[in-house]
Amino acid sequence: MHITKMSAVRASQAANCRSMEGTKEEFLRQFGNDYDYRDAPKNIDNIRSTEFKRLEGIVYLDHAGATLYSEAQMEAVFRDLSTRILGNPHSQSDSSKATTDIINEARRQVLSYFNASPKDYKCVFTSGATGALKLVGETFPWTKESCYMYTVENHNSVIGIREYALDHGAAALAVDIEDVDFFRGMKPSIQIKKRSLQRREKAVASREVPNCEGNNHNLFAFPSECNFSGIKFPLELVNIVKEYSGKGIGDSFNDRGSWLVLIDAAKGCATEPPDLSRYPADFVVCSFYKAHPSSMGATITFNLKRSNGSWFGYKEVEQLASLSSIQLRTGCFCNPGACAKFLELTHMDILSNLEGFFHNKVKLVQKLRSVCGKGIYLLW
Ligand SMILES: Cc1ncc(COP(=O)(O)O)c(C=O)c1O
C-alpha cells in the first residue's frame, strides 16, 4: 500500500502546471496553427477549465480507451434522470413510451453518424464492441465452404470470431494488406499476403444448414483504424472485397459465394466514422464509451524509439509519463497480430510464450530485450 498526503499531491500538480506552461508555449510556437478547435464555440483551454476542472495539472491521453465525461454531460444526465420517469420500453404507458422515444432517437442519431440509411441498416445496442463482434460470430451463417478472412492487425475480439467459424467447419485466414500504393490513395487494388489457412479437423457444431452452390457466405473483417499502430485502413476495401465476390480473392482459397464485410470502427469512429453510403459494409461495430461525440479529441496511438532505432518498452514510457502527471494507456496484447508484426515476433515466439509461460519467459524476454531495450513489459 502507498499513502500520499493530498497536500503533497496538489503541490506536485501545481509544480507540473508551471513546468507545463513553458512546454506549452514552445508547443504553440511550433504547432499553434494546427492546434485547437478553431471554428468551435469553445477552445481547448476553455473546455478544460469549465468542463474538465478535475484535469488541472494532468495530461490525460486515454480518451481512446476510457473517454472522460464532461461536467455538463453529468449535469444533463442527472437532471434528466431525476426529473423524468422512464419505464420499461415494451409497454404502452407514458413512462414506457418516453423510454421508447429515447431509444428510437438514439438509433436515429447513430445511423446518421454513419450516414447509414434506416432502410438498409439496423442499430443494435450491445455492451460494447466485443459484445457486437460476438453476436456477429454467433449468428453468421457459417458452412463448411465459408471462409473467415481477417487482417493481421485486428483487436482480439475480431480475431475471436475465428473460433465460431472453425467450430462450424469453415476455414479461417489471416492476411496482410500489402499494396503500398493503395495506402497512398492511388488506383485501388488489393494485394494480400496470406498466412496459413486454418481449419479444425473436427467441427464441434456442424451446422445443419445445407449449402446450396453459390449461396455460401464468407466474412472479411478489418479495423478502420488499427488500435496498435494507428494505421487507417482504406475503407475502399469494402467495395473491393465485395467486387471480388465469387472470383477468389487473391486466389487464396476456393471462396465460392458472396463476401460480407465487417468494419471494426471501435478506434476509428471517434474521429472518422465510416460513411456507409459510400462503403456499404454489412456490419460495423463501435464503442460509445470510446467515442462519445462531445468528448472527441485526443485519440493518439504511438510507440517510441530511441535515437539508435531500438524501441522503448512501454512500462518505461508509462512510468516516466506518470512522474509528469501524464496518464497513458499502454500495452499491446489486445492486438496480438499488430504486436507481433511490428516487434518482429515469430509465431514460435508467441506460442512458446503462451505454452510454457514461466519456463520460456526468460528466452522471450531476451528476444524482446534485443528489440525493445530493458523496460520490457510488452506481452503481460
Ligand atoms: C480496435 C478495437 N476494437 C475492439 C475493441 C473492444 O472494444 P470494447 O471494449 O467496446 O469491447 C477495442 C478496445 O479497445 C479496440 O481498440
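User: In this predicted model, where does L86 lie, and is L86 buried or exposed, or partly exposed?
Analyst: In the chain, L86 is found in the loop between α3 and α4, the latter spanning residues 94-113. Its relative accessibility is 34%, and a residue is called buried under 20% and exposed over 50%. Because 34% falls in between, L86 counts as partly exposed.

User: Which helix gives the largest share of the nonpolar patch?
Analyst: The patch on the surface is formed by Y69, M74, V77, L81, L86 and I102, which together have about 530 Å² of accessible area. L86 belongs to the loop between α3 and α4, whereas three residues of the patch come from the helix that covers residues 71-83. The largest share is therefore that of helix α3.

User: How much of the accessible area of the ligand does the protein cover?
Analyst: A backbone N or O atom of A129 lies 2.8 Å from an oxygen atom of the ligand. On its own, the ligand has 400 Å² of accessible area, and the part of this area that the protein covers is 90%.

Note on methods: Residues numbered from 1 in each chain as written. Predicted model: local features only at pLDDT ≥ 70, side-chain atom pairs only at ≥ 80, totals over all residues. Heavy atoms only, no water. Polar contact = N/O pair within 3.5 Å; in protein donor to acceptor, adjacent residues only side chain to side chain. Areas by Shrake-Rupley, 256 points an atom, 1.4 Å probe, with all protein chains shown as cover. Patch = residues over 30% accessible without salt bridge, like charges linked within 9 Å, V, L, I, M, F, W, Y side chains within 5 Å. Salt bridge = Lys/Arg side-chain N within 4 Å of Asp/Glu carboxyl O. Helix = DSSP H or I, 4+ residues; strand = E, 2+ residues; numbered from the N terminus. Buried < 20%, exposed > 50% of the residue type's maximum accessible area, 1.4 Å probe, protein only.
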